[in-house]
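Here are my notes for you, one point at a time. Keep the viewer open while you read and click on each residue as it comes up.

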There are 2 protein chains.
Amino acid sequence: MSDEPDVDAPSPRGAATLDEVARLAGVSRATASRAINGGSRVSERARVAVDDAVRRLGYTPNLAARSLVTRRTGSVALVVPEPDERVFSDPFFARTLHVVTRVLSERDLQVVLLIAGPGEQEERMLRYLRNRHSDGAIVVSHHRRDSFADQLVSLGLPASFIGRPWRHDDEVSWVDTDNVAGGREAARLLQERGCRRIATIAGPADMTAGVDRLEGWRQAMADAGHADDAVARGDFTIEGGEAACKQLLAEHPDVDGIAVASDLMALGALRVLSAAGRRVPDDVAVTGYDDLGVAERSDPPLTTLSNPISEMAAEAARLLLAQLEGGSAAPRRVVFAPTLVRRASA
Amino acid sequence: MSDEPDVDAPSPRGAATLDEVARLAGVSRATASRAINGGSRVSERARVAVDDAVRRLGYTPNLAARSLVTRRTGSVALVVPEPDERVFSDPFFARTLHVVTRVLSERDLQVVLLIAGPGEQEERMLRYLRNRHSDGAIVVSHHRRDSFADQLVSLGLPASFIGRPWRHDDEVSWVDTDNVAGGREAARLLQERGCRRIATIAGPADMTAGVDRLEGWRQAMADAGHADDAVARGDFTIEGGEAACKQLLAEHPDVDGIAVASDLMALGALRVLSAAGRRVPDDVAVTGYDDLGVAERSDPPLTTLSNPISEMAAEAARLLLAQLEGGSAAPRRVVFAPTLVRRASA
DNA sequence: CTGAAAGCGCTTACAG
DNA sequence: CTGAAAGCGCTTACAG
């Protein structure tokens with residue numbers, strides 16, 4: 001009869017609020033809140049009434065309001081400081097996302113993928129983290145230039161790294177494989193098979209995996225009294241491997257063994273070697289690194305170092321959970337061993 | 001001198017608050033807030049003082065608090081109801097993410113990728129959206145079984161679809177290509193090139209792109225008085241294309257033309273045909289669909305229908321922005337035309 | 001088990 | 001241009 005809105009009715013536009021639920025259920029806001037969140041210290045009668053009201057109103061808690069007081073968001077960011085093309089072309093990331101999602105699902109956490117190349121995108125991503133959109137972050141492929149480790153440490157945001165961070169490696173939790181050992185093993189394998197002129201296609205100098213694998217290779221070369229000057233760099237992509245292999249062939253035509261720091265780059269190297277008429281492994285033996293499926297399907301199949309990527313990702317997720325749940329757990333590091341997988345290429 | 005904490009000092013733990021910024025700058029919270037958000041109606045003097053205080057305290061606004069009142073989060077979800085393996089193996093998604101991110105970046109929106117196969121993951125994703133973690137959603141590869149269109153409509157969450165939704169197609173904004181026309185064109189091309197027994201490898205029956213392309217193919221076959229019984233289904237993956245092609249060859253050994261509903265499936269078909277000793281296009285002509293880069297690199301390169309994926313993704317982002325900014329803009333649909341790209345396979 | 005009250009940290013009319 | 005005040009929607013001691 002009146003033009004005034006009915007104050008007691010649920011708000012016509014917008015989502016229902018806890019207040020409305022409580023009113024409909026005939027309890028206080030506090031009790032409604034308890035009933036909705038687990039229901040400890042709530043009578044059966046109240047719980048049922050609240051559940052019913054929730055259903056009838058289609059109530060969903062306002063996350064912003066809840067976060068404001070609980071300081072939790074229920075989501076975790078998987079941070080990938082790489083251009084999206086690379087993220088989508090390297091199976092490493094798919095596997096990582098898959099496993100991380102599985103582990104965090106058990107705690108009912110939503111995984112949110114943040115992909116950003118350098119520059120403005122990275123700034124926005126940091127702001128996202130700084131604003132606490134997520135309860136924590138797992139950083140997966142970080143570079144010397146990016147400041148994620150610095151930022152996360154100073155933010156105090158729970159975080160874990162997959163791959164040893166450049167700085168603060170004793171202030172954040174991380175998992176990695178022993179890349180120095182892996183680099184060494186690759187070089188030794190080539191030595192043992194009788195290669196006289198062993199080169200390497202190393203990973204990016206701004207990633208610890210790149211640097212560490214190269215370091216291992218150098219150690220083994222030095223130990224065996226071999227020259228360690230046949231070094232080219234790639235960016236962990238097929239194209240990068242192609243370019244590096246061409247360069248190697250041009251500068252060191254006598255090369256008869258190449259330790260490549262990733263399977264994808266090794267694939268590129270195989271292409272170039274094939275185009276150059278060099279047989280693998282007879283003329284040039286090749287080792288890869290990662291063992292991510294592509295290694296089995298290449299021609300010839302790659303002898304490579306297998307990283308337990310699923311285990312690493314799962315462990316990184318667990319390290320994060322420990323911080324999320326255990327309060328201020330001390331940073332931990334977990335290092336896995338790579339294992340040599342012999343196939344046909346070396 | 002006292003054990004009591006100094007009440008006027010910035011809170012020792014946790015982030016600085018607007019209150020502290022205001023106090024340090026010597027202004028009210030309201031003025032500090034205005035200075036931080038754009039700075040209209042703020043004196044130069046106040047602005048400088050606030051900026052300075054922000055810097056000195058390392059202040060970051062609490063997003064939950066801000067969202068609670070503005071009802072904005074500053075982020076947008078790219079929703080992909082697919083298992084992660086598929087997302088990472090199909091270049092379509094990489095391209096889409098790339099373009100969407102670029103367009104939304106201009107409005108300073110963070111794109112958050114939500115990937116979830118059916119089941120529990122999907123539930124969690126819906127809850128994420130329902131809780132308004134994001135200001136809007138772009139849904140990219142949706143299936144009949146998933147209820148994203150229903151849910152988003154009833155949520156009232158600003159959204160746009162890439163690919164015509166199954167239901168509510170007049171209640172949400174969407175972009176698509178004219179898949180019926182594309183299916184028709186593929187069939188006609190094969191007819192014109194003289195194929196007598198034309199088959200198709202259709203996409204999933206639970207995706208509109210699959211259904212529409214098949215429908216177009218059937219129309220053209222009917223128009224030409226050809227039989228339309230040689231139909232196999234795939235799931236838009238290479239493996240799916242292989243299986244479907246094998247089936248086709250077994251059931252219709254006389255097939256001499258195949259319209260395949262995606263490039264990835266066409267790749268699988270090429271493999272199977274090659275293994276079966278059928279020359280392409282001489283024995284069997286093959287068309288793909290999408291033109292996503294793999295089409296150029298296949299052997300032989302694929303004749304295919306090119307979808308303007310970047311334009312579609314950009315348009316979808318713009319449709320979402322229109323809703324975000326224009327209030328309750330009416331839902332809009334934008335349909336692009338596919339264009340035939342002739343290469344060697346047909 | 002329950003409710004009144006305080007408070008999370010911000011923005012935004014409103015009045016000056 | 002500025003500040004006091006209200007309010008966004010929740011959770012959580014606290015007292016009963």
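1. Let's start with Glu242(A): buried or exposed? With a relative accessible area of 18%, Glu242(A) is buried, because that value falls under the 20% cut-off. Bear in mind that you're looking at a predicted model, not an experimental one. You'll find Glu242(A) in helix H11, which covers residues 238-251 of chain A. Which residues does Glu242(A) touch, once its neighbours within four places in sequence are set aside? The contacts are Gly268(A), Ala269(A), Arg271(A) and Val272(A).

2. Now hop over to the other chain and look up Glu242(B). Glu242(B) sits in helix H11 of chain B, residues 238-251, and has a relative accessible area of 18%, so this glutamate counts as buried. Skipping residues up to four places away in sequence, Glu242(B) is in contact with Gly268(B), Ala269(B), Arg271(B) and Val272(B).

3. That brings us to how the two chains relate. Turn chain A by 180°, with a shift of 0.0 Å along the axis, and it can be laid on chain B with an RMSD of 0.1 Å. The two copies are therefore related as by a two-fold rotation axis. Both copies use the same surface, too: 97% of the contact residues of chain A recur in chain B.

4. Next, the overall build of chain A. There are 14 helices and 12 strands in chain A. What radius of gyration does chain A have? The value is 27 Å, whereas a compact globule of 346 residues would come out near 20 Å. The box filled by the C-alpha atoms of chain A, taken along the principal axes, is roughly 95 × 40 × 35 Å.

5. A few whole-chain figures are handy here. Of the 346 residues in chain A, 56% count as buried. Take the contacts in chain A with a separation of 6 or more: 70% of them are between residues 24 or more positions apart.

6. Val294(A) belongs to helix H13, residues 294-297 of chain A, and counts as buried at 15% relative accessibility. Leaving out its neighbours within four places in sequence, Val294(A) has contacts with Asp263(A), Leu264(A) and Leu267(A).

7. In chain B, Arg95(B) lies in helix H6, residues 91-105. Its relative accessible area is 33%, so Arg95(B) is partly exposed. Not counting residues up to four places away in sequence, Arg95(B) touches Leu292(B), Ile309(B) and Ser310(B). Arg95(B) and Val341(B) are 246 residues apart in sequence, with 19 Å between their C-alpha atoms.

8. Most residues other than glycine have a negative phi, and most peptide bonds are trans. Phe236(A) has a positive phi, near 75°. This phenylalanine is in the loop between strand S7 (231-233) and H11 of chain A, and at 8% relative accessibility Phe236(A) counts as buried. Arg132(B) has a positive phi as well, near 60°. Look for Arg132(B) in the loop between helix H7 (120-130) and strand S3 (136-139) of chain B; at 38% relative accessibility, Arg132(B) counts as partly exposed.

9. Last, have a look at two cis peptide bonds in chain B. Which residue is joined to Pro281(B) by a cis peptide bond? The partner is Val280(B), and omega is about 10°. Pro281(B) is placed in the loop between helix H12 (263-275) and strand S9 (285-287) of chain B. Another cis bond links Asp299(B) to Pro300(B), with omega about -5°. For Pro300(B), go to the loop between helix H13 (294-297) and strand S10 (304-306) of chain B.

Definitions and conventions: Residues are numbered from 1 along each chain as its sequence is written. Chains are lettered from A and ligands numbered from 1 in the order in which they are written. This is a predicted model: local features need pLDDT of at least 70, side-chain atom pairs count only at pLDDT 80 or more; totals for chains, interfaces and linings use all residues. Side-chain values use heavy atoms; hydrogens and water are left out. Helices (H or I, at least four residues) and strands (E, at least two) are DSSP runs, numbered from the N terminus. The radius of gyration is taken over C-alpha atoms; the globule rule is 2.2 Å times the number of residues to the power 0.38. Buried means under 20% relative accessible area, exposed over 50%, partly exposed in between (1.4 Å probe, protein chains only). Contact means heavy atoms within 4.5 Å. Copies are superposed by least squares on the C-alpha atoms of residues with pLDDT of at least 70 in both.
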